[in-house]
Amino acid sequence: MKPKSQTLFHFTKNLEFVKNILTDGFWPRYCLEDLSWYIHNIDYVAFPMVCFCDIPLSRIRDHVNFYGEYGIGVTKEWALANMLNPVSYLSSTSNYGASVNNLYKNVDHTGATVYYENSSIDLNLMLSHFKPLNGKMIVGGDSVNKEFYQENEWRYVPRCEAQDPRPWLTKEAFLDQKNLDGCNSRTKKELSLKLSPKDIKYIFVKQDSDIPEIINFIQASLDHFSNSDLKILMSRVVSLESISDDL
């Protein structure tokens, strides 16, 4: 068994989100990240991102149980062409973790440039690709413990060179729903990643009864693609219910 998949998977809890991805692309939303390993006294910061994983399907069960049983699998070629990158997992007690923190010792909380012109942009992008081996996530308003290292995560984090869209949000700004909605609407408009049927290897639905709905949606809403592309895309639809015994 291969330790990693050649496909990158994005899972969600809602079939409507899958439809939106098919028509509008992957939308980078602000997501709270655990910064307990960080040298500054910050618990969470939100970055705009879309998250994927390259966990083999043979051990995907726990992942979909947590993140959702609807999703899309894209080719690694598409991922690399669209600047996705694996995250880097840090042990807070390692020399690596200490070295990363040393890079940020002179960065103030305003993100001021400290090394060279616009270095704060590069530092922000680096920070958004670090995760602790184990940490906390906010799920439904509650903090839950998570073993991040098991997730084989890749990310798309857009390079925000101005303040609109914002490169990051404080926890307080993230929890302000009106502010969060406004920030997310700007990332959707300006930073979404488009894809075509040829970029998609799987469309996952939760159960067999979802298949007719997604097939009808493909036929009605993606008819600007060629008929042959749509036939291949419809053949990519997989019900997790039907393959659950093989996972």
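Which residue in E12 stands opposite Gly-73? In this predicted model, Gly-73 stands opposite Tyr-202 in E12, a strand that comprises residues 200-205 and is joined to E4 by 4 bridges, the two running antiparallel. Strand E4, made up of residues 70-75, also pairs with strand E1 (residues 7-12), again in the antiparallel sense and over 6 bridges, and within E4 it is Gly-71 that Phe-11 stands opposite. Because 6 of the 6 residues of E4 are buried, this strand is largely enclosed by the rest of the structure.

Burial is also found in helix H4, which spans residues 95-103 and whose buried residues are Gly-97, Val-100 and Asn-101. These residues lie on the same side of H4, because the arc that they cover around the axis is only 100°. The elements against which the buried residues of H4 pack are strand E6 (88-90) and strand E7 (130-132).

At the surface, a nonpolar patch is formed by Leu-103, Tyr-115, Tyr-116 and Met-126, which together have about 380 Å² of accessible area. One of these residues, Met-126, is placed in helix H5 (residues 119-127), and it counts as partly exposed because its relative accessibility is 35%. Asp-62, by contrast, which lies in helix H2 (residues 61-67), has a relative accessible area of 61% and is therefore exposed. Although Asp-62 and Glu-151 are 89 residues apart along the chain, their C-alpha atoms are separated by 9.7 Å.

Key: Residues are numbered from 1 along each chain as its sequence is written. This is a predicted model: local features need pLDDT of at least 70, side-chain atom pairs count only at pLDDT 80 or more; totals for chains, interfaces and linings use all residues. Side-chain values use heavy atoms; hydrogens and water are left out. Patches are made of residues with over 30% relative accessible area and no salt bridge: like charges are joined within 9 Å, nonpolar side chains (Val, Leu, Ile, Met, Phe, Trp, Tyr) within 5 Å. Accessible areas come from the Shrake-Rupley method with a 1.4 Å probe; for residues, only the protein chains shown count as cover. A salt bridge is a side-chain nitrogen of Lys or Arg within 4 Å of a carboxyl oxygen of Asp or Glu. Buried means under 20% relative accessible area, exposed over 50%, partly exposed in between (1.4 Å probe, protein chains only). The arc is that of the directions from the helix axis to the C-beta atoms. Contact means heavy atoms within 4.5 Å. Two strands pair if DSSP finds at least two bridges between them.
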